[in-house]
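The sequence and the structure come next, followed by the description.

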Amino acid sequence: MKKEVEKILQYVQKPARYIGGEVNAVMKDKEKVDIRYAFCFPDTYEIGMSHLGMKILYGLVNERSDAWCERVFAPDVDMEEQLRKNGVPLFALESGDYIKDFDLIGFTLQYELSYTNVLNMLDLAGVPLKNSDRKALTPIVAVGGPCCCNPEPMADFVDIVFLGEGEKSTNQVLDLLKMCKVEGLSKHEFLLKAKDIEGVYVPSFYIDDYNDDGTLKSLTPVHDAPAVVKKSIISDLDKVYYPKEFVVPYINIVHDRAVEEIFRGCIRGCRFCQAGFIYRPIREKSVDVINEQCKALIDSTGYDEISLCSLSTSDHSDINHMLTTLIDWTVKENINLSLPSLRVDNFSDELVEQLNKVRRSGLTFAPEAGTQRLRDVINKNITEDEVINTCTKAFDNGWTSVKLYFMMGLPTETMEDIKGISDLAMEVVHAFYNNPNRKKGTGVQVSVSCASFIPKPFTPFQWEPEDSMETLREKQKYLLESIPSKKIKVSYHETPTSLLEGVLARGDRRLGKVLLRAFELGCKFDSWDDKFHFDLWSQAFEENGIDPYFYTHRKREFSELLPWDHLDFGVSRKFLENENKKAHKNETTPHCRIRCSGCGANKLNGGKCDARG
């Protein structure tokens, strides 16, 4: 660590965020590597260190003898103040070196409200914000992650975008960058070659044009860039790289445990869920590989908890065998096994029996909507009876708390649907007290969490309008007034942040100037309620003559060119259109294990999909 950094740590609240040196952190001799890679998470250490994608790519790059990947997190406001006051640029944790001198600066975009943090981190590093102002070959600024299914609002600031899964394309980009450095090629020459790597998108090689009504007219490729850029995909999860060790932090982080990814994709097809579509097709890990990787992580980290990671854990086709295999040794070694993302419609007796063997915690289910009509609209494919029966089964086995996730502002939603949230929560309370197996003197706690629905790219609802802030507030007020019992606790999202998320999620590259101005006005950590300044964002929109409601309140026609139509994440546009039409008829689509619906995602995987188990 540089002396100038050591001096300022005494003035910040959590210096352990910035010192590095944790167990399993990778140290290398910088004189013996060809490529320096700063992997940046645009939020605080506690959040970034919980991110599985960073753990995977950190280990993947550091497996190479010619490259060194180091971690960088957004400094909190107290640390930023010290950095700016003392003229210290943003640095990487492992070496303490300034990231402006690295070859590749990569950001993971997990959430639209982190975009100003990306700009702030580049500014703190002393790196020009706009890609057009960075003339040298290095550093190359890259982004990846789920928000990159529509990276257009960030197009002015990044050199390359990783689409899809980065295990393969990251190494290809590092190989190319190493070659360009050796041969003395320019940044432009690097980008000309990078555009031909599957899963790599070069925004500056596309020219945008707009119709008189403000809609996108065209996005024209230049320099022989492909008209459509396909995401990168890993076919065999049993053979792809997965870390045998994680960096173990000195301080508590949000998810302080070992994490094992058990499959990618989702069979369900919930029409609001972006992840359920952009991570298709389904690919599973075998039980033997899952078990082996879990043991390795426990041995190397000393954690006493493993969380199984997927979009719907109980949908793994061999879930009972997997749990039996893991429980055989985790119980003996006093290791807690965490199973998030359980479905109410496959909460089987066998699964309950397995869960009874592990440490008890609250259960979380996601009905998403309060009425059957609206659950059919969003293709949730669960009934109220299934919700109640599942909760009853949990209560039978000793659980006394249940968390229910809902969405508010869904297409075609009415106040009757909002009232249905309250009614369903109350039915769960009744199910607890009507249970003959309930222990006397015990009570129940039903937590209702309501997220504001935001239409996202590559979903059947990508054409739908978003509820206004006023409408959402009315619905939130009505829900609170409808709750009949103190046994039910309600929480919901703030509406201004939902508006901004909706703008950035479906925006075009004209929003780049708004992002830049918002940053200049002091916007950062926009996902934190105490740091979000809606007035400054409103000023940034107004100064640039852009109406944010153009991106949120307007229903798009199927004929409209969308800012992300040149990116291919597998699921066909025609499939999404048909699903949208079915939603407005309250029609459901069976999940992938009942019948293939022809979404088209398997074409990116040689026609293969593990959806049928």
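## Strands 3 and 4

In this predicted model, phenylalanine 107 has valine 143 of strand 4 as its bridge partner. The pairing belongs to strand 3 (residues 104–108) and strand 4, which run parallel and are joined by 5 bridges. Strands of a sheet pair through backbone hydrogen bonds, in either a parallel or an antiparallel sense.

Strand 4 is mostly covered, with 5 of its 5 residues buried. Ile140, Ala142 and Gly144 point one way from the strand, while Val141 and Val143 point the other way. In strand 4 the residues on both sides are buried.

## Overall dimensions

The secondary structure of the protein comes to 20 helices and 19 strands. Its C-alpha trace spans about 75 × 65 × 50 Å along the principal axes. For 613 residues, a compact globule would have a radius of gyration near 25 Å, and the 24 Å of this protein agrees with that.

Of the 613 residues, 60% count as buried. Among contacts between residues at least 6 apart in sequence, 76% join residues at least 24 apart.

Strand 10 pairs with strand 13 (residues 305–309) in the parallel sense over 4 bridges. Within this pairing, leucine 308 in strand 13 is the bridge partner of glutamate 260.

Nonpolar side chains tend to be buried together in soluble globular proteins. Here the largest nonpolar core has 187 residues, and those with the most contacts inside it are Ile99, Ile160, Phe190 and Leu308. Helix 14 (residues 415–433) gives the most to this core, with 9 residues. Leu308 is also the residue of strand 13 that partners glutamate 260.

What surrounds phenylalanine 190, leaving aside its neighbours within four places in sequence? Its contacts are Leu137, Ile140, Ile160, Val173, Leu176, Leu177 and Cys180. Of these, Ile140 is one of the buried residues of strand 4, and Ile160 is itself among the residues with the most contacts in the core.

## Cis peptide bonds

The peptide bond from threonine 138 to proline 139 is cis, with omega near 0 degrees. Proline 139 is found in the loop between helix 5 (115–125) and strand 4 (140–144).

A cis peptide bond also joins arginine 280 and proline 281, where omega is about 0 degrees. Proline 281 lies in the loop between helix 8 (274–278) and strand 12 (283–284).

## Positive phi angles

Aspartate 224 is not a glycine, yet it has a positive phi of about 60 degrees. Its place is in the loop between strand 8 (216–221) and strand 9 (229–230). Aspartate 224 is exposed, with a relative accessible area of 73%.

Threonine 412, likewise not a glycine, has a positive phi of about 70 degrees. This residue is found in the loop between strand 16 (401–408) and helix 14. Threonine 412 is partly exposed, with a relative accessible area of 33%.

## Cysteines

How many disulfides does a search of the whole structure find? The search finds 0. Cysteine 596 is in no disulfide, and the nearest cysteine sulfur, that of cysteine 599, is 6.6 Å away. A disulfide would need the two sulfur atoms within 2.5 Å. Cysteine 596 is exposed, at a relative accessible area of 55%.

Cysteine 609 is in no disulfide either; its nearest cysteine sulfur belongs to cysteine 592 and is 6.1 Å away. Cysteine 609 is partly exposed, with a relative accessible area of 37%.

Definitions and conventions. Residues numbered from 1 in each chain as written. Predicted model: local features only at pLDDT ≥ 70, side-chain atom pairs only at ≥ 80, totals over all residues. Heavy atoms only, no water. Pairing = 2+ DSSP bridges. Helix = DSSP H or I, 4+ residues; strand = E, 2+ residues; numbered from the N terminus. Buried < 20%, exposed > 50% of the residue type's maximum accessible area, 1.4 Å probe, protein only. Core = buried A, V, L, I, M, F, W, Y, C linked by side-chain atoms within 4.5 Å. Contact = heavy atoms within 4.5 Å. Rg over C-alpha atoms; globule rule 2.2 N^0.38 Å.
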